[in-house]
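I opened this structure to look up a few packing details. My notes follow, one topic at a time.

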Amino acid sequence: QQDVDDYRKSLAIRVSGFDVPKPIKVFKDCAFSTALMKAITKQGYEKPTAIQCQALPVGLSGRDIIGIAKTGSGKTAAFVLPMIVHIMDQPELTKEEGPIGVICAPTRELAHQIFLEAKKFAKLNGIRVAAVYGGMSKLDQFKELKAGCEIVVATPGRLIDLLKMKALTMMKATYLVLDEADRMFDLGFEPQIRSIVGQIRPDRQTLLFSATMPYKVEKLAREILSDPVRVAVGEVG
Ligand code: ADP
Ligand code: MG
């Protein structure tokens with residue numbers, strides 16, 4: 001335990017919550033599939049960043065996460081890699097349609113960046129990723145969703161529009177990510193986030209990531225996550 005505390009300290013990681021899984025030192029500690037390890041190497045990721053060292057084992061254990069680390073610290077892979085494993089672990093195709101993983105991001109640029117990163121890890125595993133955000137044709141996105149996907153990356157407003165149009169169902173969704181939660185709040189998306197969360201089954205795994213953690217964001221997180229592990233890296237949060 002002292003070793004674990006020292007290791008966390010050396011990476012400026014602070015954790016809170018019950019039974020927090022131990023941080024990893026190398027990607028190999030996660031026992032990823034060969035395909036996923038190949039994708040990680042292909043990305044040029046030699047070793048996990050601090051947030052990844054702690055958030056990956058927590059996410060892989062199925063726990064909810066409040067993750068706080070500054071921009072550029074590798075938060076995307078910290079939620080995308082456990083999402084891929086979660087999807088690969090699902091029993092063979094049920095008749096239900098719709099994504100298993102849902103990622104919400106505040107802007108179309110961010111949604112697009114996450115889409116690109118998720119695709120790199122998903123492709124080798126035969127997982128389909130769709131991106132839906134404003135400024136693109138709703139009809140095209142409707143068709144893309146109807147064609148099927150396991151992961152959807154979306155801005156909140158557009159996702160709600162498409163849910164209303166019945167372009168997708170959340171019946172199979174069991175892994176929800178709210179990325180850049182502070183910015184989604186600043187942009188006034190709290191009602192949309194609450195609406196989306198309300199449409200996803202309560203036994204989902206929920207991960208909320210942010211560069212900062214103002215009180216109102218922490219409060220929302222405590223409402224919609226269950227028994228989360230809080231991971232903060234550096235001076236933030
Ligand atoms: P954040 O969401 O925290 O702002 P990103 O997930 O966008 O950060 O990652 C920032 C950059 O770091 C991206 O270019 C990403 O590909 C790269 N990156 C992420 N993880 C690693 C890693 N383990 N090793 C090297 N580069 C990484
Ligand atoms: Mg990010």
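I count two residues as in contact if their C-beta atoms, placed from the backbone, lie within 7 Å. The model is predicted, so I noted that local features need pLDDT of at least 70, that side-chain atom pairs count only at pLDDT 80 or more, and that totals for chains, interfaces and linings use all residues. Residues are numbered from 1 along each chain as its sequence is written, while chains are lettered from A and ligands numbered from 1 in the order in which they are written.

**Entry: Ala154**

I started with Ala154. Leaving out residues up to four places away in sequence, Ala154 touches Cys104, Ala111, Val132, Tyr133 and Leu159. Ala154 sits in strand S5, residues 151-154. Helices (H or I, at least four residues) and strands (E, at least two) are DSSP runs, numbered from the N terminus.

Is Ala154 buried or exposed? It counts as buried, because it has 29 C-beta neighbours inside 10 Å. The cut-offs are 20 or more other C-beta atoms within 10 Å for buried, 12 or fewer for exposed, and partly exposed in between, with C-beta atoms placed from the backbone. I also checked Ile24, which is 130 residues from Ala154 along the chain; their C-alpha atoms are separated by 30 Å.

**Entry: H3**

Next I looked at H3. Of its 11 residues, 10 are buried, so H3 is largely enclosed by the rest of the structure. Among the buried ones are Ile51, Cys53, Leu56 and Val58. The buried residues of H3 pack against strands S1 (13-16), S2 (65-68), S7 (205-210) and S8 (229-233), and against H4. After H3 comes Gly62, with a positive phi near 90 degrees.

Two packed helices are described by the angle between their axes and the distance between the axes. Axes are lines fitted to C-alpha atoms, for helices over the stretch in contact, and angles run from 0 to 180 degrees between N-to-C directions.

H3 (residues 50-60) and H4 (residues 75-88) pack at about 25 degrees, with axes 9 Å apart. H3 and H4 are therefore roughly parallel to each other. Angles under 35 degrees count as roughly parallel, over 145 as roughly antiparallel, 65 to 115 as roughly perpendicular and the rest as oblique. On the H3 side, the contact includes Ile51, Ala55 and Leu56; on the H4 side, it includes Phe79, Leu81 and Val85. By class, this contact of H3 with H4 has 10 nonpolar, two polar and one charged residues. Ala, Val, Leu, Ile, Met, Phe, Trp, Tyr, Cys and Pro count as nonpolar, Asp, Glu, Lys and Arg as charged, and the others, Gly among them, as polar.

**Entry: H4 with H5**

The axes of H4 and H5 (residues 108-123) come within 10 Å and cross at roughly 40 degrees. That makes H4 oblique to H5. Thr76, Ala77, Val80, Leu81 and Ile84 in H4 meet Ile114, Glu117, Ala118, Phe121 and Ala122 in H5. This contact of H4 with H5 divides into eight nonpolar, one polar and one charged.

**Entry: ligand 1**

Which helix gives the most to the shell around ligand 1? H4 does, with three residues. The residues around ligand 1 include Tyr45, Gln52, Gly74, Lys75 and Thr76; near means a C-beta atom, placed from the backbone, within 6 Å. I sorted the shell around ligand 1 into four nonpolar, seven polar and one charged.
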